[in-house]
Amino acid sequence: MKRCRLPTIRMPLTLALVGMALIGLAGSGSIMAQQSDAEQPIEVEADQLELDDRAGTAVYTGDVDIRQGSMRLTGDRVEFQRNAAGELSRATAHGERAYIEQQPDPDQPVVRGWGRTIIYHVAERRVELIDRAELHQGGDTFDGGYLEYFLDRRVVQARAQGEGVEGSQRIRMTLQPER
């Protein structure tokens, strides 16, 4: 299948959905984002787009790669959902290894996360990494069936089992000593 670059500038609703998702992920001067991320252009690449304005959804499929500043979200399928007020409420990435990354500040390491499903809850500023989940912050790593990361508080919660997790995937953690 031919890979196409979707010009978000020509799709206002899609731009708004993606923009709200990435600005929501980037935040405005929050702990998890470089301040300049929200000011950067949004680039989306996918093989296909299904946009339903009435339902408030945009679904990208086929090797989806979304970038804005230091933020990146990838998956085989990425869905955006709006609430009744028209604001982005949730971004969900699916794939064998869906991926999210962002550099909190120029002097801090990139935060990276993987899972078969990644759900970002915009209002709560919470990321769920589901099934074969991994979260890396510098030299610290967290692995398990289900990881939940609260962006503003920098809190990680982990479980071996959870909805959408195949079997039981024990929690593993490696913390580097502070220097």
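Predicted model: local features only at pLDDT ≥ 70, side-chain atom pairs only at ≥ 80, totals over all residues.

Student: Is Asp131 buried or exposed?

Tutor: Asp131 is buried, because its relative accessible area is 3% and the cut-off for buried is under 20%.

Student: And what's up with its phi?

Tutor: Asp131 isn't a glycine, yet its phi is positive, about 70°. Most residues other than glycine have a negative phi. Arg132 has a positive phi too, near 55°, and Arg132 isn't glycine either.

Student: OK, where does Arg132 sit?

Tutor: Arg132 is in strand β8. With 32% relative accessibility, Arg132 counts as partly exposed.

Student: What does Arg132 touch, skipping its neighbours within four places in sequence?

Tutor: Its contacts beyond those neighbours are Glu96, Arg97, Trp114, Gly115, Arg116, Gly144, Gly145 and Gln169. For Gly145, the C-alpha atom is 5.3 Å from that of Arg132, with the two residues 13 apart along the chain.

Student: Let's zoom out. How many helices and strands are in the protein chain?

Tutor: The chain has 1 helix and 11 strands. Reading from the N terminus, the order is β-α-β-β-β-β-β-β-β-β-β-β.

Student: What share of the residues is buried?

Tutor: 45% of the 179 residues count as buried. As for contacts with a separation of 6 or more, 46% of them are between residues 24 or more positions apart.

Student: Which residues have the most contacts inside the largest nonpolar core?

Tutor: That core has 28 residues, and the ones with the most contacts inside it are Tyr60, Val78, Phe80, Ile118, Leu129 and Leu135. At least two core residues come from each of β2 (42–46), β4 (57–68), β5 (71–82), β6 (88–102), β7 (111–121), β8 (126–137) and β9 (140–150). The largest share, 5 residues, is from β6. As a general point, nonpolar side chains tend to be buried together in soluble globular proteins.

Student: Take Leu135, then. What is it in contact with, leaving aside neighbours within four places?

Tutor: Leu135 is in contact with Val111, Arg112, Gly113, Leu129, Asp140, Thr141, Phe142, Leu147, Tyr149 and Val156.

Student: How many aromatic pairs does the structure hold?

Tutor: There are 2 aromatic pairs. In one, the ring centres of Tyr60 and Phe80 are 6.3 Å apart and the planes are at 80°, so that pair is edge-to-face. Tyr60 is in strand β4 and Phe80 in strand β5, so the pair ties together parts 20 residues apart in sequence. Tyr60 and Phe80 are both buried.

Student: Why does the pair of Tyr99 and Trp114 get its label?

Tutor: Its planes are at 45° and its ring centres 5.2 Å apart, so the Tyr99 and Trp114 pair is tilted. Here strand β6 holds Tyr99 and strand β7 holds Trp114, so this pair ties together parts 15 residues apart in sequence. Tyr99 and Trp114 are both buried.

Student: Switching to pockets: how much space lies in the largest one?

Tutor: The largest pocket has about 230 Å³ of space. It is lined by 13 residues, and the closest to its centre are Pro109, Gln137, Gly138, Asp140 and Arg154. By type, the lining comes to 6 nonpolar, 5 polar and 2 charged residues.

Student: Two more residues. Where does Thr117 lie?

Tutor: Thr117 is in strand β7. Its relative accessibility is 18%, so Thr117 counts as buried. Leaving aside neighbours within four places in sequence, Thr117 is in contact with Thr92, Ala93, His94, Glu128, Leu129 and Ile130.

Student: And Gly95, buried or exposed?

Tutor: Gly95 is buried, with a relative accessible area of 15%, and it belongs to strand β6. Not counting residues up to four places away in sequence, Gly95 touches Asp76, Gly115 and Arg116. The C-alpha atoms of Gly95 and Thr74 are 8.4 Å apart, and those two residues are 21 apart along the chain.

Notes. Residues numbered from 1 in each chain as written. Heavy atoms only, no water. Core = buried A, V, L, I, M, F, W, Y, C linked by side-chain atoms within 4.5 Å. Buried < 20%, exposed > 50% of the residue type's maximum accessible area, 1.4 Å probe, protein only. Helix = DSSP H or I, 4+ residues; strand = E, 2+ residues; numbered from the N terminus. Contact = heavy atoms within 4.5 Å. 1 Å grid on protein atoms, 1.4 Å probe; cavity = no way out; pocket = protein on both sides within 12 Å on 5 of 7 lines; lining within 4 Å. Points joined across faces, edges and corners; volume = space filled by probe spheres on them. Nonpolar A, V, L, I, M, F, W, Y, C, P; charged D, E, K, R; others polar. Phe/Tyr/Trp six-rings, centres within 6.5 Å; stacked < 30°, edge-to-face > 60°.
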